Amino acid sequence: MAEHEVMWIGRRPTALPTVEHPATTEEFADAVTSACADAGCSVQDYVAAAGAYGSWLIRFSRDDARQRLVWNGKEGRLVLEQATTGIDWNELRSCPVAERDTAGFIAAMQSLLQSPA
């Protein structure tokens, strides 16, 4: 691909500052996976998205069912889902997260994991 010169009309656009989300840190990952394990879940993995919203998920099993907690940063809600026999996931419960820090996420997780289905 050939290089082309770019001409800005008016002022040059500024670069947006990168936003650091707690989900991308090892401390956050350790804290939320430990909280999940403390609630009786067998944690399989933790995945944090590298996007602008700070989304993440934890996949685990408990009571012979595959489940996951998904933080949808764009929608601002934490969702508990259970795997179907196929490739889909059924939403069991969800809740907003009051404070989007480690303590706030752990409190929301505990609420979802302790509530009856």
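A residue is called buried under 20% relative accessible area, exposed over 50% and partly exposed in between, with a 1.4 Å probe and protein chains only. The model is predicted, so to speak of local features requires pLDDT of at least 70 and side-chain atom pairs count only at pLDDT 80 or more, while totals for chains, interfaces and linings use all residues. Residues are numbered from 1 along each chain as its sequence is written, and side-chain values use heavy atoms, with hydrogens and water left out.

The chain contains 2 helices and 5 strands, taken as DSSP runs (H or I of at least four residues for helices, E of at least two for strands) numbered from the N terminus. Their order along the sequence is α-β-β-β-β-β-α. Of the 117 residues, 33% are buried.

Rings of Phe, Tyr and Trp (its six-membered ring) pair if their centres lie within 6.5 Å; planes under 30 degrees apart are stacked, over 60 edge-to-face, and the rest tilted. This rule gives 6 aromatic pairs, including two that share phenylalanine 28.

| Pair | Centre to centre | Angle between planes | Class |
|---|---|---|---|
| Phe28 and Tyr46 | 6.4 Å | 55° | tilted |
| Phe28 and Phe105 | 5.5 Å | 85° | edge-to-face |

Because phenylalanine 28 lies in helix 1 (residues 26-38) and tyrosine 46 in strand 1 (residues 42-48), their pair ties together parts 18 residues apart in sequence. Phenylalanine 105 belongs to helix 2 (residues 102-114), 77 residues from phenylalanine 28. Phenylalanine 28 and phenylalanine 105 are both buried, and tyrosine 46 is buried too. One aromatic cluster is formed by Phe28, Tyr46, Trp56, Trp71 and Phe105.
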